[in-house]
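The entries follow in the order in which I made them.

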Amino acid sequence: MTVTRRTFGIAAAGILLGPIAAPYIRKASAAGSTIRIGVVNSMSGGLAAYAQEGQPAFEYVIKKINDAGGIKSKGGAKIELIQADDTSQPARTAAEARRLITEEKVHLLTGTILSAQMLALTPVLDELKMPTLSVWAGGSHSNYMFTLGYPYDRGYAQTIHDFVVFLRDANKFNIKTAVMGYSNYEAGQQVNQFLTQRLKASGIEITGEAPLDTRAQDQTAAMIRIRSLKPDIVVGLVTPRDGILLHQARYNLNYHGSIFCGGTGGYSDLSLWKDLGPEIGKAVLTKNLYGMTGFSPGAKIDSMQKIIAELRDVAKLDKIGQGAIQYAQAARVLQQTLENAASLERDALLDSFKNVHIPFGDPNLYISKPKGLQFADDRLLKDGSAMFIQWTPEQEQQVIFPKEFAQTAPRPRA
């Protein structure tokens, strides 16, 4: 593999940006015919954790596909990756995508593409009609974008709601009131709207909100508000950074009166213990806290356990968390899309995305989808469900929901 650098100017949607560093591009060399896939990742900036963990797993699975004969329905064509770093800036996501499409002549696009980046990218995809797979976006505003991210409603909101009801009804937790504690950006707001409706319909009284300012350096004010409202449970979508600040504030205030329940990274990322330190981690992560996730090392899913072992023992990856598994899954979705497409024309690739199906039990299904992996008419996953975990003092996770994948029952409320 070789790495080259290029300079380029950006003019996206009539907006003139300031000086920007040259993009990072990696090309996977391949003999003979190739299928070019553009990868717009956030390898630097505030969102870098997602891609830095996921990209090595993605490259490993793509190489494995190439080494096994490439895309057989296309004469054994090899997949060539052309990558660019958007530095976690949505405007740059759009500019890099335009360059990959018009200059690099890629057949498909993929990459981290979180919700804010998805919104910035949508006009480019609609204009250039480029089939795209997002690894993480929770919504899709373009007819050309499919996503493996959790849908706001049937993904995040439904899973969190179902788990709260599971705690209350199946495990006899006293849960009558809730405060909506969520990262205050587009995805968090959307999830909050759907989740509030679902909780109310199930008889949970919403006594207030504690939105987390994503630019804040401290979440003590939000934590003080939660403490003053004294809810039975605090729920919402929380980013890794906001989660760290919220847990630190909870520790500093020594507050354990409420259950904290949410997803995904702010509650379940494997890096939380390292970022918080063992003292804070043990004090807050193991007490009245449950995290939503699509991946956990102990989940009772055979295909997930096998890819974990392969990434660890064969690929020799140091970091194998939700990001690595999500990217490995993206590689398999792209493989099936390319294999089943009638041609490499954009319309054919778009139709092939619509027909992707990796059933539960398939060795190439790495994420926790009891109904398998398929895209609905809105280009989001039909099965948007996830798991819930609890942390142990040994810094390990135990899956507690749903019952198909659970290792143990939820720890009693402290």
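I first listed the lining of the largest cavity: Leu148, Tyr150, Gly294, Gln326, Ile367, Ser368, Lys369 and Ser385. A cavity is a set of points on a 1 Å grid over the protein atoms alone where a 1.4 Å probe fits but cannot get out, and lining residues have an atom within 4 Å of a point. I noted that the model is predicted, with local features needing pLDDT of at least 70, side-chain atom pairs counting only at pLDDT 80 or more, and totals for chains, interfaces and linings using all residues. Residues are numbered from 1 along each chain as its sequence is written, and side-chain values use heavy atoms, with hydrogens and water left out.

I searched the whole structure and found one cavity of 30 Å³ or more. The largest cavity has a volume of about 40 Å³, a volume being the space filled by probe spheres set on the points, which are joined across faces, edges and corners.

I then turned to the largest pocket (an open set with protein on both sides within 12 Å along at least five of seven lines). This pocket holds about 1200 Å³ of space. Of its 46 lining residues, Gly46, Leu47, Tyr50, Thr239 and Pro240 lie nearest its centre. Helix 1 gives the largest share of the lining, five residues; helices are DSSP runs of H or I, at least four residues, numbered from the N terminus.

Last, I recorded that the crossing of helix 6 and helix 7 is right-handed, meaning that the near helix is turned clockwise from the far one by less than a right angle.

Key:
Helices (H or I, at least four residues) and strands (E, at least two) are DSSP runs, numbered from the N terminus.
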